[in-house]
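This briefing is meant to be read alongside the sequence and the coordinates.

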Amino acid sequence: MTTQLESPRSEVRRTAPRWPKQTLGADLGASLVVFLVALPLCVGVAVASGVPAELGIITGVVGGIVVGLLPGSSLQVSGPAAGLTVLVASAVSEHGLGTLGVIVAGAGLLQIIMGVGRIGSWFRAISPSVVQGMLAGIGLVLILGQIYPVGGLPQPAHTPEKFAGIPDLLVAATTTATGISGLAVAALTLVVAALWQKMPKKVRMVPGALVAVVVASVVTLVLALPIKKIEVGSLLAAINVPSSDAWGGLVSPAVLGSIVAFALIASAESLFSAAAVDRMHTGPKTQYNKELIAQGAGNTVCGVLGALPMTAVIVRSATNVQAGARTKLSRVLHGCWLLLFVMALPGVLNFIPTAVLAALLIQAGWKLLELRQVAALVREHRSEAFVLVLTAVMIVATDLLIGTLVGLGVAILKTALEMSRLSVESHHHDDHVRVEFGGNATFLRLPRLLDHLERVPDGKSVHLDMTMVRHLDRACHQAVEHWVAQRRRSDDDVELALPGRTG
């Protein structure tokens with residue numbers, strides 16, 4: 001009897017230590033892969049946003065260590081996202097770099113409030129067409145902006161200027177030494193990244209983006225090409241704690257509007273990414289409200305440090321899952337590797353040409369477009385495709401917040417119209433008319449309802465059957481009763497059957 005009791009215990013003692021070791025090994029390997037993906041993208045997003053490259057790395061470190069330790073999602077990885085470059089560049093242009101930290105911190109606090117208020121789950125109710133349109137619009141703006149560093153020209157601040165500057169960009173990219181070199185290096189970067197995806201699976205454990213950056217940087221160095229390179233200095237020197245004057249900007253409606261825009265878009269992108277990552281693995285699923293609080297905490301810390309805003313990044317998150325991560329330790333370690341690398345070897349990053357990072361961001365923007373899904377949506381659901389295209393076009397034409405709000409408004413209106421479908425059947429006889437309504441009679445269908453009622457000829461008895469109407473709102477109810485009263489005043493025999501009763 002004693003032997004039977006001791007045997008299971010000894011089995012537990014023998015096997016228990018093995019699982020932590022296996023998990024640690026998997027998480028350690030995954031963290032190194034994610035670090036290699038995150039490093040060039042952190043720098044690239046910062047450069048594309050018009051801020052010092054160090055701020056992107058700081059955000060990557062905070063996203064890995066701070067958000068990585070908090071509950072919410074276990075395998076999702078956070079950091080500076082390409083989708084926020086448009087907002088950041090606009091905020092810095094309008095309010096200055098000093099106010100960026102205030103905006104990011106304010107957005108983080110708003111995210112925490114939304115998470116505590118359990119609003120996180122509601123983000124899953126946003127129309128997928130709006131989300132896809134938002135991402136497509138971001139991709140278009142990102143591509144439009146990053147073609148300028150490839151050609152060796154500074155990126156214009158506003159979208160109309162970016163379109164207007166394309167002829168000069170084409171001239172510079174094909175006639176100047178800097179433009180030709182940048183175009184060649186960018187093309188090399190994209191080709192290497194694409195070809196790397198065809199390598200054996202074990203070889204592809206090394207990220208193609210990293211390989212492309214190394215190859216293009218070495219070629220630039222060996223050939224001494226006249227291309228501008230990024231500049232990365234001390235992280236401590238780059239920390240830009242907002243001043244008291246910057247905090248005073250919270251009374252500005254423009255700053256408050258930026259805070260709301262940052263919070264909503266960063267939250268949506270993070271939680272949509274969480275939904276996608278949850279489908280990639282069989283481990284614990286995301287707790288949306290806790291994840292929103294974690295993202296808010298990370299953005300609050302980034303804001304206090306004057307760094308870039310963060311979101312959960314689908315590229316890093318997918319890489320983390322595919323690399324075999326088992327727990328949140330992998331994303332925490334990836335933040336540690338970022339910090340150690342930049343503290344120990346900051347000079348290595350100074351060999352990377354800006355055209356290389358621009359090429360990687362153009363590739364990221366192209367992926368955001370998802371043209372195959374757009375084409376499938378056009379074939380299958382034209383109304384949804386219209387919402388997608390309208391959202392993307394409005395983002396390009398105005399800005400991210402206005403474009404997204406317009407798309408969301410149109411999606412709500414489209415859904416309301418579809419949900420308020422009203423069927424009408426008229427049966428005309430010699431001495432009477434029977435009109436049958438079905439579906440939902442709301443104010444959105446009031447013109448159609450009145451149009452059919454006005455077609456009923458005078459001098460005949462009318463039976464108006466609305467018993468099959470599932471929902472009759474106040475506007476339609478009053479309109480029908482008013483029409484019935486008018487006909488009865490004209491001595492017409494009118495019988496009205498409303499949902500649930502006869503009148």
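Helices (H or I, at least four residues) and strands (E, at least two) are DSSP runs, numbered from the N terminus. This is a predicted model, in which local features need pLDDT of at least 70 and side-chain atom pairs count only at pLDDT 80 or more, while totals for chains, interfaces and linings use all residues. Residues are numbered from 1 along each chain as its sequence is written, and side-chain values use heavy atoms, with hydrogens and water left out.

**The loop residue S73**

- S73 sits in the loop that lies between α3 (53–69) and β1 (78–79).
- Because its relative accessibility is 4%, S73 counts as buried (under 20% relative accessible area, with exposed meaning over 50% and partly exposed in between, for a 1.4 Å probe and protein chains only).
- Leaving aside neighbours within four places in sequence, S73 is in contact with T286, E291 and R331, where contact means heavy atoms within 4.5 Å.
- The side chains of S73 and T286 are joined by a polar contact of 3.4 Å, that is, a pair of N or O atoms within 3.5 Å, of which, within protein, one must be able to donate a hydrogen and the other to accept it, and residues adjacent in sequence count only if both atoms are side-chain atoms.

- Strand β3 (residues 422–428) pairs with β4 in the antiparallel sense over seven bridges (two strands pair if DSSP finds at least two bridges between them); a hairpin of three residues joins β3 to β4, and H428 stands opposite V433 in β4.
- Strand β4 (residues 432–441) is mostly covered, with seven of its ten residues buried.
- Strands β4 and β5 (residues 461–472) run parallel and are joined by nine bridges, and H432 has S461 in β5 as its bridge partner.
- From β4 the chain crosses through helix α22 (residues 446–454) to β5 in a right-handed β-α-β crossover, meaning that, with the strands pointing away from the viewer, the path from the first strand over the helix to the second runs clockwise.
- Four bridges pair β5 with strand β6 (residues 494–498) in the parallel sense, and D465 stands opposite A497 in β6.
- The chain passes from β5 through helix α23 (residues 474–489) to β6, and this β-α-β crossover is right-handed.
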